[in-house]
Amino acid sequence: MHILSTTFLKNIFEEQKESSLFGKWITFKNIENLFQKHQAVFEIKQLGFSEQERPIYTLKIGSGKKRILLWSQMHGNESTATRALFDLFNCFSNTTSVELETILKECTLVFIPMLNPDGAQVYTRVNGNNIDLNRDAVDRVAKESKLLRGILEEFNPQFCFNLHDQRTIFGVEGTKNPATISFLAPSEEETRAITEGRKQTMNVIVAMNKMLQNIIPHFVGRYTDEFYPTATGDNFQKLGYNTILIESGHYPEDYQREKSREFTFYSIIQGIYHIATADSFIDYEDYFNIPNNDKIFYDVIHRFSKGKKDEAYQYKDEVIENKLVSKLEKIAENTLQNEIGHNEIVFEANIY
């Protein structure tokens, strides 16, 4: 496996990070003008419209036989990978490193940086008709789901990258670290059989994990491979399109997910570089050495020394007066010995 060097990754990210994008609430208006700067290098097309008639774009680059389809913001309130993709677009538009030239020679890449612009506008998981696109792969009721399936069948990719955010509740099993990046090779049916397609997907994940262990060791988890009959990744994998799920999660003191953005960028570029340079995708066993995701975190825990139960709080994000506001909500009151707070406050005396 060809693992990109930490120095290369950090330098290129620092040089090419898209400075106009910051924070968790990214809407179509935030990216609309950015397409123009990439027209000289990418083939940019409007794939169609969302339910509320917002445009959905694709960007295509590369001339290789290995076809890769990547999409982000299928859930409107999950924007970390969207920012990472625009960082990557800057790399292709502005630099000529050997690594990037190799990718473009060996691969053809198609990106959908914002599949759900209606959900992005109001910072919700669902689309403009209250449909979870990640549970609409079979019925394809939503316009956005039809568009995604259409480009999938037309482009016929060897690999897909399904890019999401995960909640702050997840930690890395066996550690006290949050799961900053989690991976999944989706199951194709209920028995979770290790098919040839899943082995190839796992192989790419192994390469990404090896790279991340050089940068954020023990902050990488493996998402549950429970089969979801209507989920996008499960169905695409079942149809023969190897689908890699990347879940961008929490990193200490990183509620804007800017560090997570960086590690997501590293993961994507390593993943496509591995696909570009690999002669085969048969080594997969190390996938199962990635620790499971473990639900052990709350955003804030109030701990009391005696006489009162601990209190656990989670942030709830919502748009209020055109601003994204995070409010703490109490969701548990119990003895929380096995749980961890990203922030903890210890009260030595009883407080009533």
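Asn156 counts as partly exposed because its relative accessibility is 37%, where partly exposed lies between buried, under 20% relative accessible area, and exposed, over 50%, with a 1.4 Å probe and protein chains only. The place of this residue is in the loop between H6 and E5, helices (H or I, at least four residues) and strands (E, at least two) being DSSP runs numbered from the N terminus. The model is predicted, so that local features need pLDDT of at least 70 and side-chain atom pairs count only at pLDDT 80 or more, while totals for chains, interfaces and linings use all residues. Residues are numbered from 1 along each chain as its sequence is written, and side-chain values use heavy atoms, with hydrogens and water left out.

| Residue | Phi |
|---|---|
| Asn156 | near 55 degrees |

Gln73 counts as buried because its relative accessibility is 0%. Another loop residue, Asp225, is found between strand E8 (220-222) and helix H8 (232-238), and counts as buried because its relative accessibility is 18%. Leaving aside residues up to four places away in sequence, Asp225 touches Leu184, Ala185, Ser187, Arg192 and Arg198, a contact being heavy atoms within 4.5 Å.

Helix H6 (residues 143-155) has 13 residues and should span 18 Å at 1.5 Å a residue, which agrees with its end C-alpha atoms, 18 Å apart; the expected span is 1.5 Å times one less than the number of residues. Its buried residues are Glu144, Ser145, Leu147, Leu148, Arg149, Ile151, Leu152 and Phe155.

Eight strands form an open sheet in the order E1-E2-E4-E3-E5-E9-E7-E8, with mixed pairing, where two strands pair if DSSP finds at least two bridges between them. The edges are strand E1 (43-49) and E8, each of which pairs on one side only, and the twist from one strand to the next averages 20 degrees.

Within this sheet, strand E4 (residues 107-112) pairs with strand E2 (residues 55-62) in the antiparallel sense over four bridges, with Phe111 as the bridge partner of Leu59 and Leu109 as that of Ile61. E3 and E4 run parallel and are joined by six bridges, and the bridge partner of Trp71 in E4 is Ile112. Cys107, Leu109 and Phe111 point one way from E4, whereas Thr108, Val110 and Ile112 point the other way, and all are buried.

Helix H4 (residues 98-106) lies across E2, strand E3 (66-71) and E4, running at about 95 degrees to E4, whereas helix H9 (residues 258-277) lies across E3, E4, strand E5 (159-165), strand E7 (181-184) and strand E9 (242-248), running at about 160 degrees to E3. Axes here are lines fitted to C-alpha atoms, for helices over the stretch in contact, and angles run from 0 to 180 degrees between N-to-C directions.

About 1000 Å³ of space lies in the largest pocket. Of its 47 lining residues, Glu78, Arg125, Asp165, Gln166 and Arg167 are the closest to its centre. Strand E12 (310-320) is among the elements that give two or more residues to the lining, and the largest share, four residues, comes from E12. On a 1 Å grid over the protein atoms alone, a pocket is an open set of points where a 1.4 Å probe fits, with protein on both sides within 12 Å along at least five of seven lines, and lining residues have an atom within 4 Å of a point. Grid points are joined across faces, edges and corners, and the volume is the space filled by probe spheres set on the points.
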